[in-house]
Structures are given as structure tokens and as C-alpha cells.
Amino acid sequence: MIDLRSDTVTRPTAAMRKAMYAADVGDDVYGEDRVMNKLQDQVAGLLGKEAGLFIPSGTMSNQLAIRSQTQPGDEVICDYNAHIFNYEGGGPALLSGVQLHPLNGDHGILDPAEIRSAFRPTDHHYAQTRLIALENTHNRAGGVVYPLIMIEAVAKLARGQGILMHLDGARLMNAVIASGIDPAAYAEPFNSVSLCLSKGLGAPVGSVLVGDADLIEQAHRFRKLFGGGMRQVGSLAAAGLYALENNIERLADDHQRAKELAKTCLDLGVLENDLAWTQTNIVIMNFPKGDTAYLETKFRAEGLLVSVVNDHRIRLVTHLDFNDEQLVQTKQLLKKVLG
Ligand code: TLP
């Protein structure tokens, strides 16, 4: 079976498992897991922030960022297709008591002028705009890289109003590799950044939330409250460190393979956008007839697992466990099912 449902499906390589096996461990609730401390410092350093905190999932990391930077009744601006709005179980309302204010982005990219007009007046009728959450790369838009210039324009507006900025950077390193922009430059406009280790980077578990020391202290308190304080996590930290050392540059291979798949989809008339929008490791196919559930079973029968986004959209995600041989097979298979 070729599995292109997500880049979360990768399994640790033998070398990563070796690093995990060898890891020294300690009780992280006491702050005594030295490998974890090293990982947290390393990610904070990579993203140019003071401190980092390991979180069991990208979802919890985003939710902790929201919980730590808002009060119940506040409002968080995000894109209509943002992960926090679509795939986190209504967490902001339940866990932080905030309401999301989704705006219609263009391929996930928000217009700063629209953000500006979405800011609430201080009048007591309104929820108060406290946080803007952006996503880079943007999952539902198809792995689109958020242009730094657009981020900076939003940050300028936010700073002027005392509004905080969070980045869902689950796939930030894909954006870094695709654009050549320094990770710290991408992180600079944000108060908090969540980076996932278990997507393209190939670690089995975990995200790291970074920000200034006070924010991370707050998030640490809430991580305990949410039940995310874990004990001997050194093996997971070792996997994360291994991923940072070995699996960043190779994301370019995933991007190259996604581009190849996108070309095949274009030839078959099913690529959602033009080729220029396949910028990283995600390919979105579009089926106007709304028959994606049927197509998913057809692909499965041929040995390909895909992810159904909705009636019209199917997603393919390339990753560490998808090689050139499988790329050739997948292209043939797409032609067979859709040709
Ligand atoms: N996304 C998953 C699904 O939830 C859709 C995937 O397969 O892509 N932010 C972004 C942008 C994400 O794409 C994801 C995972 C998360 C956060 C949440 O990460 P986890 O799965 O670790 O909670």
C-alpha cells in the first residue's frame, strides 16, 4: 500500500530508533529530562525565541498558544480554512472560551486590509480582538507558503493595536526549505510559534511551542492542566533532535515528488489550482462531480491511500516514507483510475 493520506504516517527509521533507544531519560514534570531540555532549547534557538515547550501534538500546541494568550470572551482572527478552525474539535471555544473570527483568505493568505477591518472596537458590545493566528505552510490551501512580506504587514497592524500573533507552523520547515527564508525570520513577527516534529520531519510524536519565557511559563502551567505533562520523554526528544539534524534538508525531495504528482494531476485535469500553487508537499485534486468518497475506494483498491478533504477535494501528501519508485507507481495508478 502507498500511503499519501498525510505526512503524519511516517515511521521512525532504524537510525532514529537507535537514537531513541540510546536516549538518557529523566522525569520531565520535574524538568529533569536532559534530552528534552536540549530539544526545547534547540527549537527555541532555531526559531529565535527565548524558550520552548514540548507538546504531545500540534493540536494541543495550538490550543495552548490560544489559552495562554487570551481570556474567555476574547476573539481570535484566523483564516476560514485554518486548522484551528476546521480540525481541532472546536477547541478554542471549549478550552479557552474564545470565539474565532474566520476571514476568507486567498489560498490561505489573508488580506491585511480585511484583518484591519475585522479588529473589534473597544466598545463594550464587542468581543475583544486579542490574537491573530496564521498557518505556514497552509494545509487546506494545499501546502501554500505564506509570503513573509504578508506576515510582516499583518504583524505591523497587530502591534499597533496591542494584538498578539500566533503561528501554526506545523509545517514551517517545509516553508523554510521551499522559500530559502531563515526559520527565525519567519518566526520573528509572532509571539508564539508551534512547530510539529511528527509531520514532514518524521518523528513519531510531538510539537514544540516557542515564545518568550513568560509565555512559555504560562503554556507550561496550562500543559499540565490539559494533561500534557509527561514523564520520561527523553526517547521522544531524541527522535525530535534526530529529525532536526537529519530530516530538514530532505524536505526538498518531498516537494519535488509532490510537484511531479501535481503535473500528472494537471495532465489528468484534476489538479485544483495551477502548478504554481503546489509549493511544498501537498497536492490537492478537485472533482466537480463530488464523487471523492467513491474515488477514495477505487484508489484504495489499487493500493493507494488518499485523504478525502470533502466531496470535491482529495489530498495527497508526500513524505519521508514515499520514494521515487512509489512515485512512478502512484503516477501510473492515478492514470489508471482517472485516465
Ligand atoms: N493535520 C492533520 C489533520 O488534522 C488534518 C494532517 O494530516 O494534515 N496544524 C496543521 C497545519 C496541521 O496540518 C495539523 C495536522 C495540526 C496542526 C495538528 O497536528 P496533530 O495532528 O499533531 O495534532
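I began with the domains: the centres of domain 1 and domain 2, taken over C-alpha atoms, are separated by 27 Å. The assignment for the protein chain gives domain 1 as 10-246 and domain 2 as 250-338. Such bounds come from an automatic or database domain assignment.

I noted the ground rules next. This is a predicted model, where local features need pLDDT of at least 70 and side-chain atom pairs count only at pLDDT 80 or more, while totals for chains, interfaces and linings use all residues. Residues are numbered from 1 along each chain as its sequence is written, and side-chain values use heavy atoms, with hydrogens and water left out.

**Between the domains**

I looked up the contacts (heavy atoms within 4.5 Å). In domain 1, 21 residues touch 17 residues of domain 2. The area buried between the two domains is about 1,700 Å². Buried area is the accessible area (1.4 Å probe) that two parts lose on being put together, summed over both. Carbon and sulfur atoms give 55% of it.

**The largest pocket**

Where does the largest pocket lie? Both domain 1 and domain 2 give residues to its lining, so it lies between them. I wrote down how pockets and cavities are found. On a 1 Å grid over the protein atoms alone, a cavity is a set of points where a 1.4 Å probe fits but cannot get out, and a pocket is an open set with protein on both sides within 12 Å along at least five of seven lines; lining residues have an atom within 4 Å of a point. Grid points are joined across faces, edges and corners, and a volume is the space filled by probe spheres set on the points.

The largest pocket holds about 280 Å³ of space. Its lining has 20 residues, and H83, Y87, N139, R171 and R315 are the closest to its centre. The elements giving two or more residues are α3 (58-69) and β11 (307-308). Helices (H or I, at least four residues) and strands (E, at least two) are DSSP runs, numbered from the N terminus. I found that α3 gives the most, with 3 residues. By class, I noted 5 nonpolar, 9 polar and 6 charged residues in this lining. Ala, Val, Leu, Ile, Met, Phe, Trp, Tyr, Cys and Pro count as nonpolar, Asp, Glu, Lys and Arg as charged, and the others, Gly among them, as polar.

**T137**

Is T137 buried or exposed? T137 is buried, with a relative accessible area of 3%. Buried means under 20%, exposed over 50%, and partly exposed in between (1.4 Å probe, protein chains only). T137 sits in the loop between β5 (128-135) and α7 (148-161). Beyond its neighbours within four places in sequence, T137 has contacts including R171, L172, N174 and T280.

**Helix α8**

I moved on to α8 (residues 172-179), where L172, M173, N174, A175 and V176 are buried. These residues pack against several elements, among them α2 (34-46), β6 (164-169) and α12 (251-267). Just after α8, G180 has a positive phi of about 80°.

**Cavities**

How many cavities of 30 Å³ or more does the structure hold? I found 3. The largest has a volume of about 60 Å³, and its lining includes A141, E272, W277 and I284.
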